[in-house]
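Thanks for coming. I have one structure to go through today, and I will keep to what can be read from the coordinates.

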Amino acid sequence: MQVAYESDQTAAPAPATARRAGGRNGVDLCAAIPGLRSVLKWRPLQFWLSWVNLVFFAAFMAAGLFGSPVGSHNIMIVFVWILWWFLLITLLVPFLSRIWCTMCPLPSFGEWLQRLRFIGVWVGNGPAKQRTRFFGLSRAWPKALQNIWLQNVGFLGLAVFSALLVTRPIVSTAVLGGMIVLALGLSLVYRQRAFCMYLCPVSGFLGLYSMTATVAIRVKDRELCRGHKEKECLLGCAKGYGCPWFQYVGTMERNNYCGMCLECFKTCPYDNVTLYLRPFCSETTLKGVDEAFKAFIMVALALVYSITLLGPWGVVKDWANASESGNWAGFAIYAGSVVGLCLVLFPSLHLGAAALGRRLAAVHAVKLKAVFVGFAYAWVPLGLLAWVAFSVPLVMVNGAYILLVLSDPMGRGWDLLGTATVQWHPIFPEWIPLVQVPLLLVGLFLALSRSLRVSQRLFGELSAAVPAVIPIWGLATVVTAVFMVFFVG
Amino acid sequence: MSDVPISPSVRQVEDRQRFALGLAVATAVAIGATVGTLALDQTEPPQDRQILVRARQYAYDPPVIRANRGDRLFLKLVALDVVHGFFLEGYDLDVEITPQQNKFKVRHPSRHDDWAEQEEVIVVVDKPGKFRFRCSHTCGSLHPFMSGELIVEPNHVLHAGLGAGGGLFLGSVVIAWRRAHRASRVRV
C-alpha cells in the first residue's frame, strides 16, 4: 500500500454510469440534499456519534465482564458479533463506506487526548496559529510498516481464535478493551490515527470493502485544489484538523484509507469537498501485495467460518474450540490449515491463474506482480458477497437472541422489556439458501465484470485483456461453487 | 480531469449495449440454471430410513443426513452429555433430548402444542433441499453453532445455482471473446 496521493485510475475513463449520473464521481449528495453539507460540517457531529456509541460500548463491556458467560445470553456477544457484524457487512460498508470509522469508539480516547479537546480545535499561537497542535510525541509511523500487513496478521490472528472470541463474552471484552488501550498508547507516540490506519484489524477489511461502497468523499474540482497552496485539508486550520488518516482529498481516488472523519469538509475554505453517490463497485484498483493478501484472507476466512461455525462437523468445532475441548493438537492442525489456506494455498492458486492469464495475453511488458495485484480485485466483490451470504443466516437464525438480550443483557434473569422469555425460533430458515445463492451469483458477476475492467487497464486491448482474465474467471467460478456447496449443498 | 459532455446518441448506444449485454448474461445464467437442474437432479424411489442421531457438545452424529424426497425417516435421538435440542428447519419439528433417557420430548412449534414424550419421531421428507437441524436448548459456549444437515435430493437450489454459476462463466467468456474479436476487426 502506498498512501494514495497519486491518482490511481488515470488510465481508465470514469464508468459510463458515473459520468451519466452527473460527474466523474457520481451524484453530489451535498447539492442534492439540502442541509447535508451543514450537517457534515457541524463540528460536534463526530463527537456525538462516537460518544453515543461509546456509551453502548461501555455497557457491552460491562456485560462482558459481569454478565453471563454463555454467549447467546450476553448482549456483548449477541449485539457485537451477530447484530453489529451483520449491519456492518451487509449495510454499512456496501452502502455507506467507512461510516463505522466515523463513529467507532475504539480510537476516541486517544484522539481526545491528542487534541486535549472533545470537539474544538487546538491551534497554536504566534506564527503557527493557523496550524493545529497535538499532545504527545506526534512521531511519524515507521516507513517499513506503512502498509496493511499488520492489519492482515492481526485479523488472521483473531480469526484463528474466532471460536473463542465470538462465543466468550469475557474474551471479547478483553480483546476490544485491549484495542482501546493500544489505540490510546499509540496516540501518545504517533501522529493522529496511526492505530486505525496501520493496526486496527477491522480497519483493514473495512478499507478493502469500502472500495465497493456506493458513497465516496471526493473533491468537486481538482483544479481548485491544485492551485490552492494552503492545503488546510492536509495541515489543518482553526476550523478543523488536517486529515487524521494522512490522505490528501484533492487527489483521492479510493475509499480505502478515508475514515470519513469529515474533517476535510470543515477545513476546506471553498466547500470543494463533497459526498458522492455512485454505482456499487466503482473502484477497481488494488495497490500493493498487502492489499491483495487482504482480499485473499477475507475470501478464505469466509470459507473457514462457513465450515467452522455454520458447518455440521464436530471435529472441526472441537479443534477450533480447544480451550473447552482440550484438543490442542487439533487446534494446531486447525490454526495451521487456516493460515496455510489464507497465506499459501489461496494466494498460490491466484498466482497460478494470474501467471497463466499473463501467458495467454502474451504481453510480457506487463509485470506478473502487477497482474497478481490487479486481478486480486476479483476477490473483493466476491468476498464481500460471500460474507453477506454468511452473515444473513446469522441474523435469521439467531435473531431471537437479540430480543432476549434486550430484556436480559447480562443473562441475569431480568425481563426489562418483556422479551426475555421469547422462545428461540429461526426466522424463515428455509429461505436462507434462496438468499445465499443469488448473493453468491451477484458476487461472481461483479468479480467477472470488474476483473475484465482491471484486465483492460493492465493489458489495454481487449484481444489481450480477455484471454488474460479467463483463468481468474475460472478460479472465481470454482470458488463460488465451493461456497455454494458449503452453504446449500 | 474535467467532465466530458456526452451526446444523447452516445448515451443511447451505451444504453443499448448495456441492455444487450445484461440480456445476454441473464440468458446465460438462466440456461446454466436449467441445464444444471436437469443434469444434476436425480430422483430415486422413496424408502424408509432408520437413523440414530447422537447429540453432543457441539455437533450431531451423523452430521449430515442424506435422503430422497418422499423418504420416511424414523429418527431416534440420544444426548451424550447435556440436554440438547433438535430443531429441524422447514419441518416444524423441535425435540428436547435428555441424556440417559430413551424417550425424548417432541413438539411442533407452529402449532404451539405441548411437549409429547416419544421414543421415535417419523419425518416424511417431502421438501427437497438442504435443511439444518440445530440445537434449541442452550448447551454451552458454541451452542448457537451446533447444527447438522438434512439434505433431501433432488437439491434443486444447489444444482440450479451451480449451473447458473457455470452459465455465467461460459456466457461471459463467449461475450467477452466476441467483443474482443469485434474490436480487433474494427481496428483492422
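Predicted model: local features only at pLDDT ≥ 70, side-chain atom pairs only at ≥ 80, totals over all residues.

Start with chain A. The domain assignment gives domain 1 as residues 16-277 and domain 2 as residues 289-488. Taken over C-alpha atoms, the centres of domain 1 and domain 2 of chain A are 24 Å apart. On the domain 1 side, 44 residues are in contact with 45 residues of domain 2 of chain A. Between them these two domains bury about 3700 Å², and carbon and sulfur atoms give 75% of that area. Which three residues supply more than any others of the area that domain 1 of chain A buries against domain 2 of chain A? They are Leu156(A), Val160(A) and Tyr209(A), which supply 16%.

Elements that give two or more residues to the domain 1 side include helix 4 (44-66), helix 5 (75-96) and helix 8 (149-160) of chain A. Helix 5 of chain A gives the most there, with 11 residues. There is also a salt bridge between the side chains of Glu291(A) and Arg254(A), at 2.8 Å from N to O.

Next, the two chains. Chain A puts 59 residues in contact with 54 residues of chain B. The area buried between chain A and chain B is about 4900 Å², with 66% from carbon and sulfur atoms. How many salt bridges are counted between chain A and chain B? The count is one. Asp318(A) and Arg56(B) meet through their side chains in a salt bridge, 3.0 Å from N to O.

Last, chain B. It has an open sheet of four strands in the order 2-1-4-9, with mixed pairing. Strand 2 (59-61) and strand 9 (121-124) of chain B are the edge strands. Neighbouring strands of this sheet are turned by 35 degrees against each other on average, direction ignored. Strand 4 (residues 72-79) of chain B pairs with strand 9 of chain B in the antiparallel sense, over four bridges. Phe74(B) stands opposite Ile122(B), which is in strand 9 of chain B.

Methods
Residues numbered from 1 in each chain as written. Chains lettered and ligands numbered in written order. Heavy atoms only, no water. Pairing = 2+ DSSP bridges. Axes fitted to C-alpha atoms, helices over the stretch in contact; angles between N-to-C directions. Domains from an automatic or database assignment. Contact = heavy atoms within 4.5 Å. Buried area = accessible area lost by both parts, 1.4 Å probe. Salt bridge = Lys/Arg side-chain N within 4 Å of Asp/Glu carboxyl O.
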